[in-house]
Amino acid sequence: MALLSNVIIDICQRAGYDISEIDVTQITGTVDGFVLSNRSTARSMIEELQKAFLFEGIESGSTIKFVPINQSSIASISVNELLPIGSDEDPKYLEIGQIDTNDLPKTLSINYVAKTADYQQGTQEAIRQIADTGEAETISVAVVMDNDTARQLIEKIMYIRWTKSVSFNFSLPIKYLRLEPGDVISLVDTTITHNIRIIKKQFSGQTILFEGEKIDTEAFNQTISGGPISVIGGVVFDPGNTSLFNLDIPLLRETDNNAGFYIAAGRVKTTWRGAQIYRSNDNITYSLMSSLPVPTVSGSSLTALANGPHNYMDRVNTVDVQLLYDDQLTSTTLDNLLNSVNSCVLGDEIIQFQTATLIGTRTYRLSNLLRGRLGSEQFKNSHIIGDRFVMLQPGGNLDRVLDSAGSLNTSKYYKPVSVGQDIIDVTASTFTNTGRGLKPYSPCQFKSAKQVSGDFILTWVRRTRFNGGWLSNSDVPLNEEREEYTINIYNGLVIVRTAIVSSPIFTYTAAMQVIDFGSTQSTINAKVAQNSAIIGPGYYESL
């Protein structure tokens, strides 16, 4: 492994340049390996690196300056400062061009030296899903990289190709002499800002003519994971459809404490090679949301799981589930079960199963169950035939989609596009993220003690959404902005009083009872929930 800047310097010095003539101060990153099978010129070697690391070389004074394409804007210029270009009879101040997008690739592949496959050739692919036309194109780089880096690189290149299809011509006064090719500027036109990378500079009297291309820094913020290495050979295959599971469930990890949700992909064919997940607000314009290279073990229930205990193991009830694909479920020991093995979502309840018995083709009977895990006991009595079944392996087959609190409770469209499919062939489904991961668990040990005075003293114990393991002589962490609870007092199904308190105790006085019921009460019906600053009241516990 070597610094990219050092590799560039070495190539330039071998070509006869002095170190003082080379500027690599803006170049970052490392080179894991660089393969050259034949004698090459310094130019061709630099160009090979440019394809892999997205930088360019620019003549600047007496030096060759190497700069990354992903530059921040160094100047914000109003269109009012532009000088006329063209003829005096028909002056123009800003020319914006657009090349024919039919000439741009719809599918772009990259061949590279795969670091994780004994340095054999690997291939990753980017697909411009919103393009109706376009050819397939392949880029080859003689650089060693892992699958994720290669996939992110080809996504960046695809994005850049389509972004730079918009060109600009304009003229500025001599005071902008400092601007050079490779610099990025922001050209502000009332409410529109054009981010432009300068590609050509030419003097014309006391003005400077510039040519530029559109640049979008978002193109460089790629976190998508690389899929399995594709085998080159032009083999046509059917990847099968992808079943998308949008999981609005409690947090599985402390690091997921946000308004997002989990997603998982189920496959139906051996030829499935991963899926890209697209999201839309209007079912017209879709944007890439995530990539799922690893399938989950998933399916649906053939029987409806009956209600059962959640404070101890349910050894009575069972549920039969049929898997989408020929995967396997396995039984486990009690010790492993208590360490979160065999966790899954069934409907909206999170359960664990100790025993999985194969009873038919891809069909298992699950028994010896731990119920209502992670505060999901509210859903124990809501099961139906056809409940979704998804094994939970955070960090393995699940991805966390980040959402803002402002986007909660908004229905959106989703398309899971298998690698090898076209987005137009996939039917959209809708999903609403309610931010269940931020919703406090219901309190426990909710008790009422009537006093001689007629007052009722209500007490309870709070729970927490994560890091709630048993700690001796210590309460579980709060994990909320502040400690706060909502208490509702009921007359039948009607709420007659609501109170907000900051500690797990509330006194429902005899005077309050007279106001609410007309007299003191022998018993009361009440519910309590812990509050979230974002979600509001969490799940309620009843007396």
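At what angle do the axes of helix H1 (residues 4-14) and helix H2 (residues 42-53) cross? Which residues in H1 and H2 meet?

Reply: This is a predicted model. Start with the helix pair.

The axes of H1, residues 4-14, and H2, residues 42-53, cross at roughly 165 degrees. They come within 10 Å. Angles over 145 degrees count as roughly antiparallel, so H1 and H2 are roughly antiparallel to each other. The crossing of H1 past H2 is left-handed.

Now the side of each helix that takes part. From H1 come Leu4, Val7, Ile8 and Ile11. From H2 come Ala42, Met45, Ile46, Leu49 and Phe53. By class, this contact of H1 with H2 holds nine nonpolar residues.

Next, the cysteines. A disulfide is a covalent bond between the sulfur atoms of two cysteines. A search of the whole structure finds zero disulfides. Cys12 is buried, at 6% relative accessible area. Cys444 is partly exposed, at 26%.

Val461 touches Pro443, Cys444 and Gln445, leaving aside residues up to four places away in sequence. Val461 itself lies in strand S29, which spans residues 456-461. Its relative accessible area is 36%, so Val461 is partly exposed. Asp475 is 14 residues from Val461 in sequence. In space, the two are 9.8 Å apart, C-alpha to C-alpha.

Last, the backbone. Most residues other than glycine have a negative phi. Two residues here call for a look on that point.

Take Leu374. Its phi is positive, about 55 degrees, although Leu374 is not a glycine. Leu374 is found in the loop between strand S23 (363-370) and strand S24 (388-391). Its relative accessibility is 34%, so Leu374 counts as partly exposed.

Then Asn409. Its phi is also positive, near 65 degrees, and Asn409 is a residue other than glycine. Asn409 lies in the loop between strand S25 (399-401) and strand S26 (411-418). At 56% relative accessibility, Asn409 counts as exposed.

Notes. Residues are numbered from 1 along each chain as its sequence is written. This is a predicted model: local features need pLDDT of at least 70, side-chain atom pairs count only at pLDDT 80 or more; totals for chains, interfaces and linings use all residues. Side-chain values use heavy atoms; hydrogens and water are left out. Axes are lines fitted to C-alpha atoms, for helices over the stretch in contact, and angles run from 0 to 180 degrees between N-to-C directions. Helices (H or I, at least four residues) and strands (E, at least two) are DSSP runs, numbered from the N terminus. Angles under 35 degrees count as roughly parallel, over 145 as roughly antiparallel, 65 to 115 as roughly perpendicular and the rest as oblique. A crossing is left-handed if the near helix is turned anticlockwise from the far one by less than a right angle, and right-handed if clockwise. Contact means heavy atoms within 4.5 Å. Ala, Val, Leu, Ile, Met, Phe, Trp, Tyr, Cys and Pro count as nonpolar, Asp, Glu, Lys and Arg as charged, and the others, Gly among them, as polar. A disulfide is a pair of cysteine sulfur atoms within 2.5 Å. Buried means under 20% relative accessible area, exposed over 50%, partly exposed in between (1.4 Å probe, protein chains only).
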